[in-house]
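Please examine the sequence and the three-dimensional model shown below.

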Amino acid sequence: MTDLSTTAEPARFAMYGQEFADDPQRVYAQMRAHGDLAPVELSPGVPATLVLGYDAALEIMRDPDRFPRCSEVWEQEVGPECPVLPMMMTRPNALFTNGAVHARLRSAIVDSLARVEPALLREYVADGANSLIDGFADDGRADLIGQYARTLPLLVFNEMFGCPRDIGDKLVRGMSAIFDTVDAEEGNALLGEATLELVAHKRQKPGADVTSWMLRHPAGLDDVEMTHQITLLVGAGTEPEQNLIANGILLLLSDGRFGGDLSGGSLPVEDALDEILWTDPPMANYATTFPRQDTDFHGYRLPAHQPVLISYAAANTDPSRSAANRTGNRAHLSFSGGPHTCPAKNHARLIASVAMETLLDRLPDLELAVPADDLEWRPGPFHRALTALPVAFPPAAVR
Ligand code: HEM
């Protein structure tokens, strides 16, 4: 039995800092020397266990009784300054709740998202994409993170959730301030105001949108519950979506298997998305759970109240599973598994593929403005995210 409670022995792998961000698959390969689970540090002095094996990951995600969302004891231990606290602390939303409470909150989300017409969603994405591309088409160069992938999911969110322009603008400004880390406090305040205003507005003036459907759902969410779920949906629907779009475009532009056929229809885009979701998922490590007592699992002793995270990125590339035939095969874990599986995986994929197709349609001769190896990845244990994606192209007409 390997006891994973000791921080010194075996040594812990650092999941913070530039070294991990630059080449996470190299670090996962080293971690695999420990087997299916490895001792890690999420930030200096914050120990956790990372699950690398595909079967072990599925088993944990499907067993919320032994592996619940239950961070309260851990939060007391790490204190309010802990840098990973905002991503892991409990909040009254679907992501951080268990059992019947989770099922009720999630039902309002799942049922309302299911009412979004794919054809309409496609239109929202294409409209948002075209207006963003108009902003840089005749420049001949752009940063596809700052000028495209970051804003597009927010524009789509505004349409899906029936956000009037003034509230939507506030939401975009709030999220941008948080992402840019220029003023996270101001960003949070703007985001809080915008979600409150959206819920109040939709109570008064319901429409054919996800917010109104959630408000009228039989689960009967009150205004406080609604604002928490809307905040979750904005956060969950923007940062990972941005990175799915950007990582997908990077693959298309940098990998010979896709290049040369960029404007040849939608197949390369769908193939690139499959590949990214298997090998370089935008949420790389998450699904954090906290065993309530010391728990024996696959020959390891997991200490009570210490975080256990699933590495979707490592589990997908588990060498004990065949890497053949991944194209068109969606058995990857990049949208998680078990009761907290992403409820928007079809929306997420559709948004990313229309975002990529529209860009390639408008700018077919797009290429990277710097060698792929010179691109910078943002440090952090959870995401797989570029800081910028500079591209060049022959200037094109604004519509
Ligand atoms: C339209 C865009 C999206 C929306 C609205 C959305 C929404 C959500 C919500 C509400 C949850 C929590 C579900 C629950 O706990 O029951 C969730 C979970 C999750 N989503 Fe998404 N999501 C979106 C896009 C994405 C993308 C692009 C990815 C990355 C491939 C992703 C990966 C995940 C994962 C891994 C989880 C599980 C997290 C965990 O178990 O801790 N999502 N999503």
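A polar contact is a pair of N or O atoms within 3.5 Å; within protein, one atom must be able to donate a hydrogen and the other to accept it, and residues adjacent in sequence count only if both atoms are side-chain atoms. The model is a predicted one, in which local features need pLDDT of at least 70 and side-chain atom pairs count only at pLDDT 80 or more, while totals for chains, interfaces and linings use all residues. Residues are numbered from 1 along each chain as its sequence is written, and side-chain values use heavy atoms, with hydrogens and water left out.

Asn316 belongs to helix α15 (312-316), where helices (H or I, at least four residues) and strands (E, at least two) are DSSP runs numbered from the N terminus. With a relative accessible area of 2%, Asn316 is buried; buried means under 20% relative accessible area, exposed over 50%, and partly exposed in between, with a 1.4 Å probe and protein chains only. Apart from neighbours within four places in sequence, Asn316 is in contact (heavy atoms within 4.5 Å) with Leu277, Trp278, Pro281, Arg326, His332, Leu333 and Ser334.

Ser336 is found in the loop between α15 and α16. Because its relative accessibility is 15%, Ser336 counts as buried. The side chains of Ser336 and Tyr312 are joined by a polar contact of 3.4 Å. When neighbours within four places in sequence are set aside, the contacts of Ser336 are Met61, Ala287, Tyr312 and Thr341.

The discussion now turns to the sheets. Strands of a sheet pair through backbone hydrogen bonds, either parallel or antiparallel. Here two strands are taken to pair if DSSP finds at least two bridges between them. Five strands make up an open sheet with mixed pairing, in the order β2-β3-β4-β9-β6. Its edge strands, β2 (13-14) and β6, each pair on one side only. Helix α3 (residues 54-61) packs on this sheet and touches β4, β6 and β9 (308-311). The direction of α3 makes about 130 degrees with that of β9; axes are lines fitted to C-alpha atoms, for helices over the stretch in contact, and angles run from 0 to 180 degrees between N-to-C directions. Helix α3 is mostly covered, as six of its eight residues are buried: Tyr54, Ala56, Ala57, Leu58, Ile60 and Met61. These buried residues pack against β4, β6, β7 (295-297), β9 and α15.

Leu37 has Val51 as its bridge partner in β4. Strands β6 and β9 also pair in the antiparallel sense, over three bridges, and Tyr286 has Ile310 as its bridge partner in β9. Five of the five residues of β6 are buried, so this strand is largely enclosed by the rest of the structure.

Not counting residues up to four places away in sequence, Ile310 touches Leu50, Val51, Ala57, Ile60, Met61, Ala284, Asn285, Tyr286 and Ala287.

A further open sheet has three strands in the order β1-β8-β7, with mixed pairing. Strands β1 (2-3) and β7 stand at its edges with a single partner strand each, so one side of each has no neighbour in the sheet. Two bridges join β1 to β8 (residues 300-302), and these strands run parallel. Thr2 stands opposite Tyr300 in β8.

The ligand remains to be described. Of the 27 residues around the ligand, Arg69, His102, Arg106, His340 and Cys342 come nearest; a residue is near a molecule or strand if one of its heavy atoms lies within 4 Å of it. An N or O atom in the side chain of Arg106 is 2.8 Å from an oxygen atom of the ligand, and a polar side-chain atom of His340 lies 2.7 Å from a ligand oxygen atom. A backbone N or O atom of Ala236 lies 3.5 Å from a nitrogen atom of the ligand. Helix α13 (223-254) gives the most to the shell, with seven residues.
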